[in-house]
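Student: Could we go through this model together? I would like to begin with the sheet.

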Amino acid sequence: MIHSMTAYARLEQKADWGTAVLEIRSVNQRYLESYIRLPDQLRSLEPLIRERLRKRLQRGKVECNL
């Protein structure tokens, strides 16, 4: 198991419909905290993303921006 989880990732995807930029940041923390910011059209996916994070991570502060 990974005990330290300080990280940053950025992905940019261009398509006919526009450009999407995904950024994920994480820092080590005693408990799991997730902050997810999605466009209004995708906001219904937030609970699914939180649940997937909870299944894979036990601790840390994770920020996801799309």
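Student: What is the strand order in the open sheet?
Tutor: In this predicted model, the open sheet of four strands has the order 1-2-4-3, with mixed pairing. Strands are DSSP runs of E, at least two residues, and helices are runs of H or I, at least four, numbered from the N terminus; two strands pair if DSSP finds at least two bridges between them.

Student: Which are the edge strands?
Tutor: Strand 1 (7-15) and strand 3 (32-37), each of which pairs on one side only.

Student: And how do strand 2 and strand 4 run?
Tutor: Strand 2 (residues 18-27) and strand 4 (residues 60-65) run antiparallel, joined by five bridges. Within strand 4, Glu-63 is the bridge partner of Arg-25.

Student: Is Glu-63 buried or exposed?
Tutor: Glu-63 is buried, because its relative accessible area is 19%; buried means under 20%, exposed over 50%, and partly exposed in between (1.4 Å probe, protein chains only).

Student: What does Glu-63 touch?
Tutor: Leaving out residues up to four places away in sequence, Glu-63 touches Glu-23, Ile-24, Arg-25, Tyr-35 and Arg-37, where contact means heavy atoms within 4.5 Å.

Student: Changing topic: where does Leu-42 lie?
Tutor: Leu-42 lies in the loop between strand 3 and helix 1. Leu-42 counts as partly exposed because its relative accessibility is 33%.

Student: What conventions apply?
Tutor: Residues are numbered from 1 along each chain as its sequence is written, and side-chain values use heavy atoms, without hydrogens and water. Local features need pLDDT of at least 70, side-chain atom pairs count only at pLDDT 80 or more, and totals for chains, interfaces and linings use all residues.
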